[in-house]
Amino acid sequence: MRITDLLRPESVELHTSAANKEAAIDKLIGLHVAGGNLADVETYKQAILAREAQSSTAIEAGIAVPHAKSEAVKRPGLAAMTLDTGVDYGAMDNKPSDLFFMIAAPMDGNLHLEILSRLMVLLMDGDFTAKLRAATTVEEFMKAIDEAEGAKYGEPAAQETAAEEKAAGYRVLAVTACPTGIAHTYMAAEALEKAGKAMDIPLKAETNGSGGAKNVLTAEEIAAADGIIVAADKNVETARFDGKRVLFVPVSEGIHHPEELIGKIVEKQVPIYHYSGAVKTTETAKNESIGRQLYKHLMNGVSHMLPFVIGGGILIALAFLLDDYSINPANFGMNTPVAAFFKTVGGVAFNFMLPILAGYIAMSIADRPGLAVGFVGGSLAAAGTSFATILDPNTAAIPAGFLGALLAGFVGGYFMLGLRKVCDKLPDSLEGIKPILLYPVIGVLFMGLFMCLVNPLMGAINNGLIAFLNSLGGTSKILLGAVLAGMMSIDMGGPFNKAAYVTGTGAIATAAAAGAAQGAIEYQMMAAVMVGGMVPPLAIALCTTFFKKKFTQDERKSGVVNYIMGLCFITEGAIPFAASDPLRVIPSCVVGSAVAGALSMFFGCSLMAPHGGIFVFPVVTNVLGYVISLVVGSLVGMLLLGVLKKNKEQ
């Protein structure tokens with residue numbers, strides 16, 4: 001890190017005057033304020049005065065370097081000043097000081113010591129200090145520092161630039177997250193970082209993907225930044241941003257409008273964020289529609305649920321693949337030791353699905369107090385516990401399934417949110433027992449009573465839905481497959497896509513809980529959903545291959561990647577193409593996906609695994625029909641797109 005990285009032009013004042021030491025300190029603190037380095041002027045001033053009380057920071061030759069670490073510092077920085085007439089600053093040579101550098105450093109890190117050390121070495125050079133005193137413009141002053149530091153130390157060593165330069169240099173930070181954490185998360189981060197580079201605004205993006213948070217923002221970076229962009233379709237940890245400007249937007253905004261978002265932060269058009277549990281108090285968050293809030297809570301539950309559904313579902317599907325149906329048809333999936341192993345482990349993972357879904361929906365709404373309540377509600381929904389089963393153990397339990405877990409998550413979350421507000425009115429002396437006694441006991445008790453009351457109704461609805469789906473046949477079933485698959489292409493990772501995917505995963509969860517056979521309608525729905533999601537990237541990849549004149553050279557190169565994305569069931573690979581030409585790309589992909597979904601239903605293809613693309617084709621029933629469905633749907637999408645798009649030369 002260079003000294004000039006911390007010294008902004010607005011924090012430099014030349015050939016000014018000060019009546020005494022205290023006036024000089026006030027003037028330097030004012031320069032820090034002008035540079036945007038301080039959050040609390042008075043607290044920082046007290047830290048400076050406390051340091052001066054230990055011993056004067058003035059050195060010989062008219063130089064003084066006051067410095068302090070303080071929680072009031074939001075951005076590491078320097079302020080510099082020259083006086084035409086020096087002031088008594090308590091220097092060792094008893095001479096007045098007329099050249100000042102004041103260092104402001106946050107509590108975390110020893111940045112001020114490193115810069116102080118480098119400054120001290122440079123200030124030992126009389127020729128250098130003479131240039132500083134003689135400078136008549138801020139540009140001349142900064143240039144003298146830069147030249148002297150470059151001559152003495154050269155360019156920053158590679159090992160110095162990684163952490164320190166970034167900490168002081170990022171003006172805008174971002175956090176990106178989508179429900180599945182596969183594609184949108186990283187696309188938004190890349191778009192924001194590219195836009196920041198193009199705008200010459202240093203930007204760092206943290207990704208909350210399926211593999212965990214990457215490129216995590218540090219406390220020092222947060223303190224130094226102008227503001228933070230949270231481009232997410234699920235809730236992320238925001239307590240660390242308290243007191244900063246925070247802009248909350250959907251992840252798609254980060255992909256499509258990165259320059260606009262960065263501009264709002266830099267131009268300070270975003271209000272200060274104050275953390276209060278799970279409730280956002282910025283104007284941006286307040287203006288979110290009810291539907292948007294509910295969607296984010298749902299997606300938070302879905303994103304945490306997916307690893308259990310995918311891992312458990314694929315293992316269960318492998319158990320059926322490896323088993324011998326002829327041994328005992330009634331025990332299919334457990335007939336051989338290998339199959340029994342996969343079925344048992346997969347079943348354990350899969351059974352966590354409903355508690356995880358409900359728990360993290362509730363946590364998204366009410367923060368940590370909602371987690372336990374949601375887990376209990378999801379478990380009761382899965383078990384089908386009711387007052388009837390408790391009073392009479394011989395009464396058959398009717399699991400409330402996926403719908404019951406959704407209800408438990410939302411009701412539990414909002415109940416705990418209300419309970420927290422009620423408990424805020426209790427005396428401060430009870431603050432410590434709220435999270436360990438009041439919240440869990442009252443919350444779990446309420447959830448138990450509520451789920452025992454509604455489980456019979458939700459179970460009846462669940463069974464009615466299953467009966468309705470099983471009654472579908474012929475045209476109705478084919479239409480269902482076309483609709484589900486077509487929804488996967490409407491927004492390619494957005495609400496319609498996620499609604500179809502959640503419907504598919506919910507269907508297989510219901511089927512698994514009911515012990516449905518491999519070819520059940522619920523598994524056929526999942527097959528239609530996955531094939532519908534695979535078509536858009538494949539249709540675009542095929543079109544870039546066989547209709548080359550319709551695309552630029554860069555589009556043809558990126559089109560090849562969509563072969564891999566499509567085969568892996570990553571629909572989001574089609575987004576860049578859809579964003580650049582939505583009126584032609586989206587209808588083509590929707591039609592292609594709908595055709596594939598309808599054919600999948602027509603051939604009776606079923607899938608017990610909720611993800612995996614071609615890697616789970618071995619566990620698809622009627623895999624030949626499934627491959628035909630995928631190929632035909634992709635070709636239809638390709639041909640439509642090839643007809644609708646114009647040649648780039650035109």
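## Arg-133 and its salt bridge

At 24% relative accessibility, Arg-133 counts as partly exposed. Here buried means under 20% relative accessible area, exposed means over 50%, and partly exposed is in between (1.4 Å probe, protein chains only). The side chain of Arg-133 meets that of Asp-98 in a salt bridge, 3.0 Å from N to O. To count as a salt bridge, a side-chain nitrogen of Lys or Arg has to be within 4 Å of a carboxyl oxygen of Asp or Glu. Asp-98 sits in strand E6 (residues 97-105) and Arg-133 in helix H5 (residues 126-134), so this pair links parts of the chain 35 residues apart. Asp-98 is buried, at 18%. Helices (H or I, at least four residues) and strands (E, at least two) are DSSP runs, numbered from the N terminus.

One thing to keep in mind: this is a predicted model, where local features need pLDDT of at least 70 and side-chain atom pairs count only at pLDDT 80 or more, while totals for chains, interfaces and linings use all residues. Residues are numbered from 1 along each chain as its sequence is written, and side-chain values use heavy atoms, leaving out hydrogens and water.

In one of them, Lys-45 meets Asp-26 at 2.9 Å, N to O. Lys-45 lies in helix H3 (residues 41-54) and Asp-26 in helix H2 (residues 21-34), so the pair ties together parts 19 residues apart in sequence. Lys-45 is buried at 15%, whereas Asp-26 is partly exposed at 35%.

Then there's Lys-645 with Asp-581, at 3.0 Å, N to O. Both of these residues are buried. Shared partners also join Glu-22, Asp-26 and Lys-45 into one salt-bridge network.

## Aromatic rings

The structure holds twelve aromatic pairs. Rings of Phe, Tyr and Trp (its six-membered ring) pair if their centres lie within 6.5 Å; planes under 30 degrees apart are stacked, over 60 edge-to-face, and the rest tilted. Phe-341 and Phe-342 have ring centres 5.6 Å apart and planes at 75 degrees, so they're edge-to-face. Phe-341 is exposed, at 52%.

For Tyr-501 and Phe-569, the centres are 6.1 Å apart and the planes at 55 degrees, so that pair is tilted. Tyr-501 is buried at 4%, and Phe-569 is buried at 6%.
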